[in-house]
Amino acid sequence: MDHARAPLLDALAEYHDLGRYGFTPPGHRQGRGADDRVRRILGADSFRSDVLANSGLDDRKASGGYLVQAEELMADAVGADYAFFSTCGSSLSVKAAMMAVAGGSPGLLVARDSHKSITAGLIFAGVLPRWITPRWDADQHLSHPPSPERIRATWERHPDAAGALIVSPSPYGTCADIRRIAEVCHERGKPLIVDEAWGAHLPFHDELPTWAMDAGADVCVVSVHKMGAGFEQGSVFHHQGDLVDRERLSACADLLMTTSPNVMVYAALDGWRRQMVEHGKELLGAALKLAGQVRADIERIPGLHVLDDELLGAEASHDLDRMQVLIDVSELGLSGYQCADWLRANARIDVGLSDHRRISATLSVADDESTTRRLLDALLSLSAAAPKMPAPEEIRLPDPQDLELETITLPRDAFFGPVETIAMEAAAGRIVAEQLTPYPPGIPVALPGERLNAAVIDYLVTGVRAGMLVPDAADNSMRTVRVVAD
């Protein structure tokens with residue numbers, strides 16, 4: 001295929017060249033109706049390119065086929081059979097995949113370290129999760145993607161499940177052995193879905209972890225806005241083989257998708273694919289070299305440690321994306337929450353993730369020595385400032401076994417059924433009716449249908465006092481919680 005083409009971008013250029021004008025949404029009419037103060041901040045060109053997809057960029061019948069062509073080029077670029085664009089992020093894409101595979105089924109094997117969007121998919125689809133226990137590093141208080149052996153054992157306990165879903169890479173950059181996991185699933189004739197939201201760049205350089213389609217996954221979901229160069233909300237889900245019905249997958253996406261997709265998000269996905277095919281190996285090669293240097297430079301800063309070898313191994317992760325730089329700050333005597341807040345307030349630097357002892361800096365093809373110098377200078381200043389900063393609030397971390405809450409009822413039934421709000425300290429033994437998700441990284445500690453225990457309650461309460469965010473809780477102060485009514 002001709003990857004020098006970018007059908008959506010070319011169509012948008014033609015739209016401008018022809019001077020089209022629509023008496024249709026969007027009502028700002030290419031910015032004519034937007035407030036000057038808004039235009040000055042957002043830019044006039046952003047409004048000019050915010051046009052209707054059909055009866056705008058394309059005709060009412062979509063006879064130009066710009067989106068279809070762009071999706072075909074994307075699939076060809078990464079070696080998938082089909083690709084589907086989403087302007088609603090991978091949160092939508094993974095829900096569509098779950099519904100296509102497991103809607104109306106007895107259950108779905110799901111890694112318990114999954115993102116909250118997957119939990120939301122369980123609620124939407126009424127699917128019973130058959131949890132795959134991740135590997136756990138009790139010293140780091142960090143979960144690793146599940147091993148093939150654990151997935152095989154979960155299949156033996158739940159052979160009637162419709163398929164399996166794992167997350168790889170994790171928000172920490174750790175990766176599963178997707179090839180062997182796919183083999184385990186395919187031995188049973190069952191599909192594997194991979195939430196690869198953090199892996200859009202993986203197909204384009206052989207020094208990066210294995211791309212899920214190359215490893216045999218049936219559906220994988222990527223967020224181009226995370227590790228690629230797309231706009232926020234730009235996502236693609238890829239499909240191959242015959243274990244997942246393509247038409248059903250498309251129909252499930254249509255149920256969830258907006259009928260007013262943002263053309264700029266589509267066009268950025270299209271342009272990013274062209275960029276990666278033409279220059280991806282070169283760009284990512286330079287980014288990986290830069291990441292290696294940055295990791296070494298951070299390691300030399302007093303009180304900071306870049307996690308690497310300790311994340312890999314038989315009882316840890318299979319591989320690691322080293323463009324995600326995970327930094328342990330515990331030797332500074334601070335929490336990751338404190339460090340993230342200090343960097344934003346004092347160095348105008350935002351980090352991608354913070355938890356009780358870590359922060360992460362995610363590098364991309366956009367970074368160079370000038371941007372990484374800012375990061376290194378900020379971290380040096382943080383290291384120097386640390387002795388004068390207050391000690392962090394204590395967070396009472398649960399043992400791994402205490403994090404394995406018992407699932408009592410379907411997440412959907414708990415979420416939509418009768419609920420009551422009670423004091424958090426009285427919630428041990430009660431069935432939670434809402435997601436309780438430290439964010440980032442966005443992995444629920446408790447989700448609807450699970451029975452709360454004292455250790456998890458203690459972790460959430462003390463965590464919030466120490467700076468943890470639980471944004472999806474009705475009461476994110478963690479003084480009260482919604483539970484299934486007795």
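This is a predicted model: local features need pLDDT of at least 70, side-chain atom pairs count only at pLDDT 80 or more; totals for chains, interfaces and linings use all residues.
Residues are numbered from 1 along each chain as its sequence is written, and side-chain values use heavy atoms, with hydrogens and water left out.

The protein chain contains 16 helices and 17 strands, both being DSSP runs numbered from the N terminus (helices H or I, at least four residues; strands E, at least two). Its radius of gyration is 23 Å, close to the 23 Å that the globule rule gives for 486 residues, so the chain is as compact as a globular protein of that length. The radius is taken over C-alpha atoms, and the globule rule is 2.2 Å times the number of residues to the power 0.38. Along the principal axes, the C-alpha atoms fill a box of roughly 65 × 55 × 45 Å. Of the 486 residues, 55% count as buried (under 20% relative accessible area, with exposed meaning over 50% and partly exposed in between; 1.4 Å probe, protein chains only). Among contacts (heavy atoms within 4.5 Å) between residues at least 6 apart in sequence, 70% join residues at least 24 apart.

Seven strands form an open sheet with mixed pairing, in the order β1-β10-β9-β8-β6-β2-β3; two strands pair if DSSP finds at least two bridges between them. Strands β1 (82-86) and β3 (129-132) stand at the edges with a single partner strand each, so one side of each is left without a neighbour in the sheet. Direction ignored, neighbouring strands of this sheet are turned by 20° against each other on average. Within the sheet, β9 (residues 219-223) and β10 (residues 235-239) run antiparallel and are joined by five bridges, with C220 partnered by H238 in β10. Helix α4 (residues 66-78) packs on the sheet, where it touches β1 and β10, and its direction makes about 125° with that of β1. Such angles run from 0 to 180 degrees between N-to-C directions, the axes being lines fitted to C-alpha atoms, for helices over the stretch in contact. Helix α8 (residues 178-187) lies across β6 (164-167) and β8 (192-195), running at about 150° to β8.

A four-stranded open sheet has the order β11-β13-β15-β14 and antiparallel pairing. Its edges are β11 (305-306) and β14 (353-354), each of which has a single partner strand, so one side of each is left without a neighbour in the sheet. Two bridges join β11 to β13 (residues 324-328), and V306 stands opposite I327 in β13. Helix α12 (residues 336-347) packs on this sheet, touching β14 and β15 (358-362), and its direction makes about 50° with that of β15. The antiparallel pairing of β13 and β15 extends over five bridges, and R358 in β15 is the bridge partner of D328.

In a regular strand the side chains alternate between the two faces of the sheet. Both faces of β13 are covered: Q324, L326 and D328 on one side, and V325 and I327 on the other, are all buried. V325 itself has a relative accessible area of 1% and is therefore buried. Beyond residues up to four places away in sequence, V325 touches R295, I298, V306, I359, S360, A361 and L363.

Helix α16 (residues 454-465) has twelve residues, which at 1.5 Å a residue should span 16 Å; its end C-alpha atoms are 17 Å apart, in agreement. The expected span is 1.5 Å times one less than the number of residues. Buried residues of α16 are V456, I457, Y459, L460, V461, T462, G463 and V464, and what covers them includes α14 (400-403). At the N-terminal end, N453 caps α16 through a side-chain oxygen 3.2 Å from the backbone nitrogen of A455. Just after the helix, G467 takes a positive phi of about 120°.

H3 is placed in the segment before α1 (7-18) and counts as buried at 12% relative accessibility. The side chains of H3 and D76 are joined by a polar contact of 2.7 Å. A polar contact is a pair of N or O atoms within 3.5 Å; within protein, one must be able to donate a hydrogen and the other to accept it, and residues adjacent in sequence count only if both atoms are side-chain atoms. Not counting residues up to four places away in sequence, H3 touches L73, D76, A77, R273, R274, V277 and E278.
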